[in-house]
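Please have the sequence and the structure at hand while reading.

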Amino acid sequence: MRAKDLEISDLLKVDPEGGRIQFGNQRSLLLDAVALGLLKKQLVDLLGFSGARGVLTKFGYSHGWRTADSLERGFAWDDAGEWRRAGGRLHTLQGLVRVEALPEADVAGEPVAASLWHDSYEAQQHLLQLGQAEEPVCWTLTGFASGYMTRCHQRPVYAIETGCVGKGDPVCQVELRPKESWEPERLALHLPFYEGECLNAALSELTQQLH
C-alpha cells in the first residue's frame, strides 16, 4: 500500500452500538479544536510557556510513536518509505494540518525531510487563545512528527519548526533530521522538551504489554 492511497474509510471504524470508535486500529476520540486550544492556554497560564511546551511536546511524541507502531502492523506497505510518509498523510486526514512534502535533501549521508504545514490547527488556536508568539508554537505537531519518525527509524529523529503561522510567518515549515545530523547547539534548545531516551523505553514497554 502507498501512503497517498490511505483514506479515512481505511482507518475509521465505528462501533454500531456506540461508545467506541477506532482510528488506525486504536481506540480514538473526537475532540474539538477550540477545546484543545483552551487546554493549551490553561497549561501556559499554569506552567508557563516552557512547562506547557514540555507537556504538549511529550503528548504529541507519544501519539506519533504509537501511531507509527499501529500503522506498521495494520497495513501491508509497499516499502518502509511509504510507511514513513503515511504519518503526514494521516495528519492531513485527521484535519490537524495539511502536509506538503518538500524534496528530500541529503546532509552528510543522512536523509533530511522538510514539509510545509498548511492550516495548522495548533497555530490557529494559539493565535486565537494566546495571540502572536515570538517562536514557533506547533508543539504537539512537531512532537508527533518526532515520535512517528523515531519509531520508523528506530533511532532518535527530531522535528524543528523553522517557520510558523503562530509567530507571523505565512506558512508553518518543519525540518526532520536524525539526532546526530542536527547542529548540537541548535538541537540543545529543543531536547529538554523530549527526554527521548526514557520516553522511548516506556513507550516500547507499553506497546508490548498492549500487544
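**Salt bridges and nonpolar cores**

In this predicted model, the side chains of E175 and R177 form a salt bridge, with an N to O distance of 2.6 Å. E175 and R177 are both buried. The structure contains 11 salt bridges, and its largest nonpolar core comprises 37 residues.

**Charge pairs within helices**

- In general, side chains of opposite charge can pair when their charged atoms come close.
- R73 and D69 are joined by a salt bridge between their side chains, at 3.1 Å from N to O.
- Both R73 and D69 belong to helix α2, where four residues, about one turn of the helix, separate them.
- D69 is buried, because its relative accessible area is 2% and buried means under 20%.
- R73, by contrast, is partly exposed, with a relative accessible area of 48%.
- D69 and R73 are also members of a network of salt bridges that links them with E72 and R151.
- A salt bridge also connects the side chains of R85 and E82, at 3.0 Å from N to O.
- R85 and E82 lie in helix α3, three residues apart, which is about one turn of the helix.
- E82 is buried at 12% relative accessible area, whereas R85 is partly exposed at 47%.

**The largest nonpolar core**

- In soluble globular proteins, nonpolar side chains tend to be buried together.
- L11, L71, W117 and Y148 have the most contacts inside the core of 37 residues.
- Two or more residues of this core come from each of α2 (33-74), α3 (80-93), α4 (121-130), α5 (139-153), β7 (157-163) and β8 (172-178).
- The element that gives the most to this core is α5, with seven residues.
- Beyond its neighbours within four places in sequence, Y148 is in contact with G64, W65, T67, A68, L71, W83, R84, A86 and G87.

- Another core, of seven residues, lies apart from the largest one.
- Y61, W65, Y158 and I160 are among the residues of this other core.

**A nonpolar patch on the surface**

- I8, L12 and V14 make up a nonpolar patch on the surface.
- Together, these residues have about 240 Å² of accessible area.
- I8 is located in helix α1, which covers residues 8-11.
- With a relative accessible area of 33%, I8 counts as partly exposed, because this class lies between the cut-offs of 20% and 50%.

Terms used. Residues numbered from 1 in each chain as written. Predicted model: local features only at pLDDT ≥ 70, side-chain atom pairs only at ≥ 80, totals over all residues. Heavy atoms only, no water. Core = buried A, V, L, I, M, F, W, Y, C linked by side-chain atoms within 4.5 Å. Buried < 20%, exposed > 50% of the residue type's maximum accessible area, 1.4 Å probe, protein only. Contact = heavy atoms within 4.5 Å. Patch = residues over 30% accessible without salt bridge, like charges linked within 9 Å, V, L, I, M, F, W, Y side chains within 5 Å. Areas by Shrake-Rupley, 256 points an atom, 1.4 Å probe, with all protein chains shown as cover. Salt bridge = Lys/Arg side-chain N within 4 Å of Asp/Glu carboxyl O.
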